[in-house]
Amino acid sequence: MDYNNFYNGVGRVVIQDAAISDDALAAATDAAQGVQRELGAVQRNSRIVDRFASYWPESDATLVPMDGHQARFWVCFPNETLPRGWIGHGHHYTFADTTDDKYMIFSLSLDAYRYRHRRYEERRHMAFSNSFDGIMKRAKKAFIPITTRLVCCGHRSTHLDAVRSFIDTKTDMLKAAYKKMTGLSMGYGDLPKYNEWPFFQELQSLDSIGHKWANSVFGAAVPELLSSVTDLEYASQNRHEPMVYVWPNENAIKVLPVGDVDHGQFQGAVSNATEFSYASTEDLPDGYKNKLAMLQIVPDGTFLPNVGTRCGYGYFLFQEDEA
């Protein structure tokens, strides 16, 4: 096994996102509905399912085979939206001198300090043992319910990547429109703020009165440039504005004010944040309801200026004064 990369069909993904992904959500759903997934040969011979039930019978947990990984099982508990992690076995050359099978668990509640800066490192959230008894002792402590805080921290990179992608796209559009209009290339350092760019202000004034452009190529590029400049300005302002994380989980709508998502002290802010709970989306403040409605119709990983980002089944929304 290559622990420096985590593959899930289409390539490397952020480890935290994988733990709270649609695959994890589907596993918990299958467990709740009693769906029996087909076991691979390694899973059938591992005896992990039987030994887990014997060691921790009071947990009432269901072990669901993980798609694409023959030696792993999602650990799903009753009435919970997401698995608490997974358990499995494999060869751990990095952690031992022998090649005997060693047991391992994964949970977002685990945080190995030595891997704290490695976003793509599975071992950041893993524990290992040479014996099943040893790994189950760790499992009982590590397999705590997935909290809003854990999901929020896991989805943080999705939001930040979406904002950066939005800014990059709008920057490219602005440069392309500028080149169409002037025939000149614009460097990144040349990007002006809209209120400091007389050229933009003149174009905006002419466009607002329905000016007819003599050059059709120039005229077609005007709205592209105007919208790109405005969107970039909003996105740049949005990067450090306070946000809330909204998680519509199985039992309630969780709202967690997290402040500046792009700040170095983000995790500390999340740990100290006060969580709010609503029975349904109808009980949310109107501002959040409107933003959720807009984000629920866009693809996963989409950022909308002054609205927020859709992160799968969770959402980062710009904070409302009423919350």
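Tutor: pLDDT is the predictor's confidence in each residue, from 0 to 100. You need that term here, since this is a predicted model.

Student: OK, what pLDDT does the chain average?

Tutor: The average is 82, and 85% of the residues score at least 70.

Student: Where is the pLDDT below 50?

Tutor: Residues 1–13 are one such stretch. In the model, residues 1–13 have 33 contacts beyond near neighbours in sequence. Residues 95–99 also fall below 50, and that stretch has six contacts beyond near neighbours in sequence.

Student: How should I read coordinates where pLDDT is low?

Tutor: Where pLDDT is low, the predicted coordinates should not be read in detail.

Student: Fine. How many helices and strands are there?

Tutor: The chain has ten helices and eleven strands.

Student: And what share of the chain is buried?

Tutor: Of the 323 residues in the chain, 46% are buried.

Student: What about contacts between residues at least 24 apart?

Tutor: Take the contacts between residues at least 6 apart in sequence: 57% of them join residues at least 24 apart.

Student: Let's go to the helices. How do H6 and H8 pack?

Tutor: H6 covers residues 148–182 and H8 covers residues 216–238. Their axes are 8 Å apart, and the packing angle is about 150°.

Student: So what do we call that arrangement?

Tutor: Angles over 145 degrees count as roughly antiparallel, so H6 and H8 are roughly antiparallel to each other. The crossing of H6 past H8 is left-handed.

Student: Which residues meet there?

Tutor: On the H6 side they include Phe166, Ile167, Met173, Leu174 and Tyr178. On the H8 side they include Phe218, Val222, Leu225, Val229 and Leu232. By class, the contact of H6 with H8 has 15 nonpolar, two polar and four charged residues.

Student: What about H7 and H8, how do they cross?

Tutor: H7, residues 198–208, crosses H8 at roughly 115°, and the two axes come within 10 Å. H7 passes H8 in a left-handed crossing.

Student: And which residues make the contact?

Tutor: H7 supplies Phe200, Leu203, Gln204 and Asp207. H8 supplies Phe218, Val222, Leu225, Leu226, Val229 and Thr230. By class, that contact of H7 with H8 has seven nonpolar, two polar and one charged residues.

Student: What does H4 do with H5?

Tutor: H4 (residues 48–55) and H5 (residues 132–142) have axes that come within 11 Å and cross at roughly 60°. H4 and H5 are therefore oblique to each other. The crossing of H4 past H5 is right-handed.

Student: What is at that contact?

Tutor: Ile48, Arg51, Phe52 and Tyr55 in H4 meet residues of H5, namely Phe132, Asp133, Met136, Lys137 and Lys140. The classes in the contact of H4 with H5 are five nonpolar, no polar and four charged residues.

Student: New topic: loops. Where does asparagine 79 lie?

Tutor: Asparagine 79 is in the loop between strand E2 (72–76) and strand E3 (85–91). Its phi is positive, about 60°, although asparagine 79 is not a glycine.

Student: Is asparagine 79 buried or exposed?

Tutor: Asparagine 79 has 61% relative accessibility, and over 50% counts as exposed, so asparagine 79 is exposed.

Student: What else is in the loop between E2 and E3?

Tutor: Threonine 81 is in that loop, between E2 and E3. Threonine 81 counts as buried, at 17% relative accessibility. Between the C-alpha atoms of threonine 81 and alanine 32 there are 9.2 Å, and the two are 49 residues apart along the chain.

Student: And asparagine 306, what is its phi?

Tutor: Asparagine 306 has a positive phi of about 65°, and it is not a glycine. Asparagine 306 sits in the loop between strand E9 (303–304) and strand E10 (308–311). Its relative accessible area is 36%, so asparagine 306 is partly exposed.

Student: Last one: where is histidine 263?

Tutor: Histidine 263 is in the loop between strand E7 (253–259) and helix H9 (266–272). Histidine 263 is partly exposed, with a relative accessible area of 40%. Its C-alpha atom is separated by 9.4 Å from that of arginine 239, 24 residues apart along the chain.

Technical notes
Residues are numbered from 1 along each chain as its sequence is written. This is a predicted model: local features need pLDDT of at least 70, side-chain atom pairs count only at pLDDT 80 or more; totals for chains, interfaces and linings use all residues. Side-chain values use heavy atoms; hydrogens and water are left out. Contact means heavy atoms within 4.5 Å. Axes are lines fitted to C-alpha atoms, for helices over the stretch in contact, and angles run from 0 to 180 degrees between N-to-C directions. Helices (H or I, at least four residues) and strands (E, at least two) are DSSP runs, numbered from the N terminus. Angles under 35 degrees count as roughly parallel, over 145 as roughly antiparallel, 65 to 115 as roughly perpendicular and the rest as oblique. A crossing is left-handed if the near helix is turned anticlockwise from the far one by less than a right angle, and right-handed if clockwise. Ala, Val, Leu, Ile, Met, Phe, Trp, Tyr, Cys and Pro count as nonpolar, Asp, Glu, Lys and Arg as charged, and the others, Gly among them, as polar. Buried means under 20% relative accessible area, exposed over 50%, partly exposed in between (1.4 Å probe, protein chains only).
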